[in-house]
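Welcome to this short tour. Open your viewer, keep the selection tool ready, and follow the stops below.

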Amino acid sequence: MTETPTRRILTHDEYDAAYARLKAQARLHGTQLSSNTAHAALTAALAMIDVYGPAPEPEPDTCTALYLPTNTEEDGPDILGVWQQCFFEPGHDDADGHESDCGWSDDMPGAIPARTTDQETA
Ligand SMILES: [Zn+2]
């Protein structure tokens with residue numbers, strides 16, 4: 001899948017504004033959305049128009065490689081548009097690829113390689 005000119009990654013402020021609006025609108029219609037539900041609904045809705053939330057700050061306990069699944073044919077609805085962080089140990093061989101709810105390599109669109117500062121020099 002190639003990058004399309006319409007793809008856009010929101011800033012944290014843009015994403016937060018859309019999230020707040022979704023929660024407020026749901027409340028207006030008598031529904032209290034949990035934060036998990038609101039984030040999932042917003043992520044899924046935005047992914048349909050090729051818009052995605054900002055990359056999260058990686059957790060320090062595993063490999064810091066991140067990946068944004070955007071392929072509607074290969075990435076299931078549960079992970080489409082949901083940033084993935086590799087669950088392998090920090091500093092593992094990048095040639096092995098990265099793995100979370102899906103697998104990826106650093107050269108795929110949407111991949112952010114692991115931070116080298118987090119790699120241990122054994
Ligand atoms: Zn990894």
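Before you zoom in, two notes on how to read the picture. This is a predicted model, in which local features need pLDDT of at least 70, side-chain atom pairs count only at pLDDT 80 or more, and totals for chains, interfaces and linings use all residues. Residues are numbered from 1 along each chain as its sequence is written.

Now colour by pLDDT, the predictor's confidence in each residue, from 0 to 100. The average for the protein chain is 91, and 91% of the residues score at least 70. Select residues 118–122, where pLDDT stays under 50.

Switch to a cartoon view. You can find two helices and seven strands in the protein chain; helices (H or I, at least four residues) and strands (E, at least two) are DSSP runs, numbered from the N terminus. Starting at the N terminus, the elements follow one another as β-α-α-β-β-β-β-β-β. The C-alpha trace spans about 55 × 30 × 25 Å along its principal axes.

Next, select residues 12–28, which form helix 1. Is this helix buried or in the open? Zero of the 17 residues of helix 1 are buried, so helix 1 lies largely in the open. After helix 1 comes glycine 30, with a positive phi near 80°.

Move on to aspartate 50, in the loop between helix 2 (35–47) and strand 2 (51–52). Most residues other than glycine have a negative phi. Aspartate 50, although not a glycine, has a positive phi of about 65°. Aspartate 50 counts as partly exposed because it has 15 C-beta neighbours inside 10 Å.

For the last stop, show the open sheet of three strands, ordered 4-3-7 with antiparallel pairing. Its edge strands, strand 4 (84–85) and strand 7 (111–112), each pair on one side only; two strands pair if DSSP finds at least two bridges between them. Strand 3 (residues 66–67) is joined to strand 7 by two bridges. Finish by selecting leucine 66, which stands opposite isoleucine 112 in strand 7.

Conventions: A residue is buried if 20 or more other C-beta atoms lie within 10 Å of its own, exposed if 12 or fewer, and partly exposed in between; C-beta atoms are placed from the backbone. The expected span of a helix is 1.5 Å times one less than its number of residues. Two residues are in contact if their C-beta atoms, placed from the backbone, lie within 7 Å.
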